[in-house]
Amino acid sequence: MNVTSIRNDFPILNQTINGKPLIYLDNAATTQKPQVVIDRISDYYKTINSNVHRGVHTLSQRATEAMENARITVQKFINAKEHREIVFTKGTTESINLVAQTFAQQFLNEGDSILISAVEHHANIVPWQQLCKQKKANLLVIPILENGELDLSNVDELLSKNVTLLAISHISNVLGTINPIELLIEKAHKKNIPVLIDAAQSVAHETIDVQKLDCDFLVFSGHKMYAPMGIGVLYGKTDWLNKLPPYQFGGEMILEVRFEETIFNELPFKFETGTPNVEGILGLETAIHYLQKIGLKQIAEYEHKLLTYATQKLNELSGIIFHGIAKHKSAVLSFNFQGIHNSDIGAILDQLGIAVRTGHHCAQPLMENLCVPGTVRASFAFYNTKEEIDMFIEGVKMAKKMLTM
Ligand code: PLP
């Protein structure tokens with residue numbers, strides 16, 4: 001991989017922050033956008049902007065065609081069987097809420113359970129928790145081991161507790177643990193339990209094949225995979241999506257409306273109410289092509305090298321406490337030092353132009369489990385370099401020294 005040339009694709013990286021060259025290590029929160037994605041959005045507004053699906057005029061037809069081609073690109077990217085299994089949403093959070101409000105409203109009854117894990121992002125906790133409260137159902141949690149891997153010792157027992165859905169992240173945004181979703185899907189399916197995979201942290205780092213995984217739903221956000229904000233995807237097997245009621249009501253999601261009654265549109269439009277985010281959808285398509293051109297396998301290998309290097313270097317610092325040392329990890333590093341607040345380290349690194357995330361990372365139950373208020377999190381992308389990691393380590397050393405003086 002030619003990282004120098006890749007870095008040139010990302011104009012935002014070429015700037016100084018607080019007088020220092022920007023080192024962006026907050027990729028788990030959001031990734032930067034390559035010029036091709038920025039150009040695609042700009043070109044859309046310069047050439048074919050118009051509302052989709054209902055227009056007979058040429059621009060509307062061009063925009064509709066571009067949007068529907070993008071749907072096929074997403075379908076192929078995750079190897080979905082049919083393009084109507086791809087529903088465009090605002091992002092992971094909206095996709096999960098969509099499933100919670102439609103699937104679970106329909107199938108979750110009093111006394112049933114939703115099973116999640118201890119490492120989930122709030123987006124994969126709160127929608128289920130609120131629903132369980134409404135329905136007098138139970139929210140069950142797969143615990144974790146000290147190294148940040150899921151504790152699967154009682155998972156069969158948990159799956160036997162009237163579970164209506166297993167909703168689980170592929171990769172933890174805090175610990176970087178790659179969860180054994182293939183095994184969990186197999187175990188759940190043996191008990192006829194459908195599975196939703198939160199792929200927010202994996203879709204830009206691992207090859208996703210929904211048919212091979214055989215998951216029932218899979219959700220992700222464009223902005224974590226070099227695409228714009230405000231666009232995301234819900235994948236659902238056709239059989240499931242057909243069984244679900246609409247999520248929201250209004251234009252686009254209808255076939256026919258009378259004051260007395262409405263006939264809803266077919267898939268996937270039944271779930272896409274109102275004017276869609278066409279610029280976001282086209283930006284997502286270009287980001288996918290961009291990733292495919294570099295190659296997800298090459299990306300995963302390179303990012304893994306960065307992770308190994310950074311882990312080794314950080315490990316040399318006395319008093320470091322790593323959170324998440326699972327065998328299978330993606331390029332996310334969470335850590336603390338005894339007696340130093342995570343946000344103080346983040347603030348000093350910022351003065352050096354280094355962007356990391358600090359705090360609870362929208363995973364407060366996990367923080368409680370780890371007995372910390374938050375962590376410092378560095379998350380890498382394929383445009384990061386070993387030299388940047390060296391600067392980051394020097395920054396952490398300096399912060400540690402200043403904060404223990
Ligand atoms: N799930 C995971 C694992 C995440 O890391 C995130 C964001 O950090 C989300 C869900 C929520 O994604 P979004 O805010 O794009 O909806």
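Trainee: What is the relative accessible area of F264?
Mentor: F264 comes out at 33%, so it's partly exposed (buried is under 20%, exposed over 50%, partly exposed in between, with a 1.4 Å probe and protein chains only). The model is predicted, so local features need pLDDT of at least 70 and side-chain atom pairs 80 or more, while totals for chains, interfaces and linings use all residues. Residues count from 1 along each chain as its sequence is written, and side-chain values use heavy atoms, without hydrogens or water.
Trainee: How many aromatic pairs are there?
Mentor: The count is 17. Phe, Tyr or Trp rings (six-membered for Trp) pair with centres within 6.5 Å; planes under 30 degrees apart are stacked, over 60 edge-to-face, the rest tilted. F107 and W240 are edge-to-face, 5.7 Å between centres and 85 degrees between planes.
Trainee: Which parts do F107 and W240 tie together?
Mentor: F107 is in helix α4 (residues 92-107) and W240 in helix α9 (residues 238-243), so their pair joins parts 133 residues apart in sequence. Helices are DSSP runs (H or I) of at least four residues, strands (E) of at least two, numbered from the N terminus.
Trainee: Is W240 buried or exposed?
Mentor: W240 is buried, at 17% relative accessibility. F249 and F264 make a tilted pair, at 5.9 Å centre to centre and 45 degrees. F249 lies in the loop between α9 and β11 (254-257) and F264 in strand β12 (residues 262-264), so this pair links parts 15 residues apart in sequence. F249 is exposed, at 58%.
Trainee: Which residues do ring pairs link into a cluster?
Mentor: F10, Y226, Y290, F382 and Y383.
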